[in-house]
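Here is a friendly walk through one model, with the geometry put into words. Have a look at the sequence and the fold first, then read on.

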Amino acid sequence: MAGNTFGTLFRVTTSGVSHGPGYLAIIDGCPPGLPLSVEDLLPDLQRRRPGQSALTTQRDEADLPEIWSGVFEGVTDGTPIGILFRNEDQRSRDYSDIRDKYRPGHADFTFDAKYGIRDYRGGGRSSARESICRVAAGAIAKKILAGQGVRIVGYTLQVGGIKASISDPATVTLEQVEANPVRCPDPASAERMIRLIETVRKECDSIGGICELVATGVPAGWGEPIFDKLKADLAKGLLSLPAVVGFEYGAGFAVATARGSDNNDPFVRKGSRIGTETNRHGGILGGISSGEPIVLRAAVKPTSSLPRPQRTVTRGGEPTQIATRGRHDPCLLPRAVPMVEAMVALVLCDHALRQRGQCGLP
């Protein structure tokens with residue numbers, strides 16, 4: 001199966017399925033000499049893990065990483081970093097009913113159409129559990145970026161029709177995000193989001209939303225002007241995540257109704273550097289970082305696995321119904337936040353190394 005590796009210089013390869021023995025992540029291109037231990041990976045992995053609150057799936061996985069290679073005497077040695085995660089709480093029997101039925105909103109039909117065979121236990125290779133590898137790799141990328149003064153913070157901006165009030169994304173802190181289980185830095189909106197999620201769970205339904213992310217400290221000059229635009233790689237990274245169906249940065253789709261005279265950001269002097277007075281461009285111009293905060297958003301669809309009956313067909317095309325058993329998130333946003341952060345970190349780290357290789361450090 002092709003397409004299991006992401007990145008150019010900072011490369012991440014993942015392997016595994018949700019109901020197999022576990023997952024393996026291989027991170028290649030990490031510079032040597034970076035202090036790294038299991039403890040460095042745990043904070044983001046704990047934010048992603050299932051069963052962390054009543055708002056998430058109750059699958060009980062410790063998600064403890066085992067570093068098998070690439071680290072010697074507490075620092076990276078320049079060779080590929082291998083990280084293993086063991087699955088411990090699979091309930092494959094919950095999925096016996098979907099062996100010959102296609103779940104609406106899932107990749108069951110398209111996997112069969114492509115390969116003629118699929119692992120029907122959970123989502124198989126397309127399960128969101130694969131993101132555990134990305135989050136671990138993203139934690140390493142974050143540590144590299146932190147050494148260059150780059151900070152990445154994601155949060156839940158919207159659940160259903162409830163949207164948080166965020167005056168300046170660049171000022172949101174991790175502490176504000178982690179203050180509630182829905183990971184929304186606006187406490188009043190967070191309470192309303194929680195109530196909505198609890199309501200849809202009781203109704204055997206699910207709800208979608210929007211995750212917003214801001215990366216500060218990114219210097220001007222990262223990215224490429226044509227095919228490998230920073231915005232293009234960020235879009236690919238985020239759209240590669242399960243359940244992410246939309247991407248925008250800066251003013252995003254609002255530019256469709258704007259005039260150029262209102263949308264352009266005037267350039268000004270900011271101390272010793274040149275910057276922009278506003279940031280409607282979201283920190284990226286011409287596919288290259290501008291030095292302003294990179295602000296982007298990912299639209300996350302409602303969880304497709306529902307315990308209520310849904311119409312579908314069998315592999316033979318016969319009409320039938322299916323009610324998905326198992327343990328699923330009524331809203332994916334709380335656990336999507338660290339996943340989105342990880343993909344942004346992987347892209348930025350990759351472009352940081354590419355910039356250093358082509359143009360040298362500033």
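## Starting at P21

P21 lies in the loop that links strand 2 (11-16) to strand 3 (22-28); helices here are DSSP runs of H or I with at least four residues, strands are runs of E with at least two, and both are numbered from the N terminus. With a relative accessibility of 74%, P21 counts as exposed (buried means under 20% relative accessible area, exposed over 50%, and partly exposed in between, with a 1.4 Å probe and protein chains only). Leaving aside residues up to four places away in sequence, P21 touches F85, R86 and N87, where contact means heavy atoms within 4.5 Å. From P21 to V347 the separation is 326 residues in sequence and 29 Å in space, C-alpha to C-alpha.

A word on the ground rules: this is a predicted model, in which local features need pLDDT of at least 70 and side-chain atom pairs count only at pLDDT 80 or more, while totals for chains, interfaces and linings use all residues. Residues are numbered from 1 along each chain as its sequence is written, and side-chain values use heavy atoms, with hydrogens and water left out.

## The overall fold

The protein has 8 helices and 18 strands. Its radius of gyration is 21 Å, close to the 21 Å that the globule rule gives for 362 residues, so the protein is as compact as a globular protein of that length (the radius is taken over C-alpha atoms, and the rule is 2.2 Å times the number of residues to the power 0.38). Along the principal axes, the C-alpha atoms fill a box of roughly 65 × 50 × 40 Å.

Of the 362 residues in the protein, 48% are buried. Among contacts between residues at least 6 apart in sequence, 71% join residues at least 24 apart.

## Helix 8 and its partners

Two packed helices are described by the angle between their axes and the distance between the axes. The axes used here are lines fitted to C-alpha atoms, for helices over the stretch in contact, and angles run from 0 to 180 degrees between N-to-C directions. How do helix 3 and helix 8 cross? The axes of helix 3 (residues 131-146) and helix 8 (residues 333-359) come within 7 Å and cross at roughly 50°. Helix 3 and helix 8 are therefore oblique to each other (under 35 degrees counts as roughly parallel, over 145 as roughly antiparallel, 65 to 115 as roughly perpendicular, and the rest as oblique). The crossing is left-handed, a term for a near helix turned anticlockwise from the far one by less than a right angle, with clockwise giving right-handed. Residues in this contact include A137, G138 and A141 of helix 3 and A342, A345 and C349 of helix 8. By class, the contact of helix 3 with helix 8 has 14 nonpolar, 2 polar and 3 charged residues (Ala, Val, Leu, Ile, Met, Phe, Trp, Tyr, Cys and Pro count as nonpolar, Asp, Glu, Lys and Arg as charged, and the others, Gly among them, as polar).

Helix 6 (residues 230-239) packs on helix 8 at about 145°, with the axes 9 Å apart, and the crossing of helix 6 and helix 8 is right-handed. Helix 6 contributes L230, D233, L234, G237 and L238 to the contact, and the residues from helix 8 include V340, V344 and H351. That contact divides into 8 nonpolar, 2 polar and 2 charged residues. Helix 1 (residues 38-48) meets helix 8 at about 140°, with the axes 7 Å apart, and that makes helix 1 oblique to helix 8. D44, R47 and R48 of helix 1 face a set from helix 8 that includes P334, R335 and E341. By class, the contact of helix 1 with helix 8 has 4 nonpolar, no polar and 5 charged residues.

## Loop residues to look at

E73 is not a glycine, yet it has a positive phi of about 55°. E73 sits in the loop between strand 5 (71-72) and strand 6 (75-76) and, at 70% relative accessibility, counts as exposed. C204 also has a positive phi, near 55°, in a residue other than glycine. Its loop runs between helix 5 (187-202) and strand 10 (209-216), and C204 is partly exposed, with a relative accessible area of 32%.

Where is N279 found? N279 is in the loop between strand 13 (273-276) and strand 14 (284-285), and it is partly exposed at 24% relative accessible area. Not counting residues up to four places away in sequence, N279 touches D265, E292, P293 and V295. N279 and N264 are 15 residues apart in sequence and 8.8 Å apart in space, C-alpha to C-alpha.
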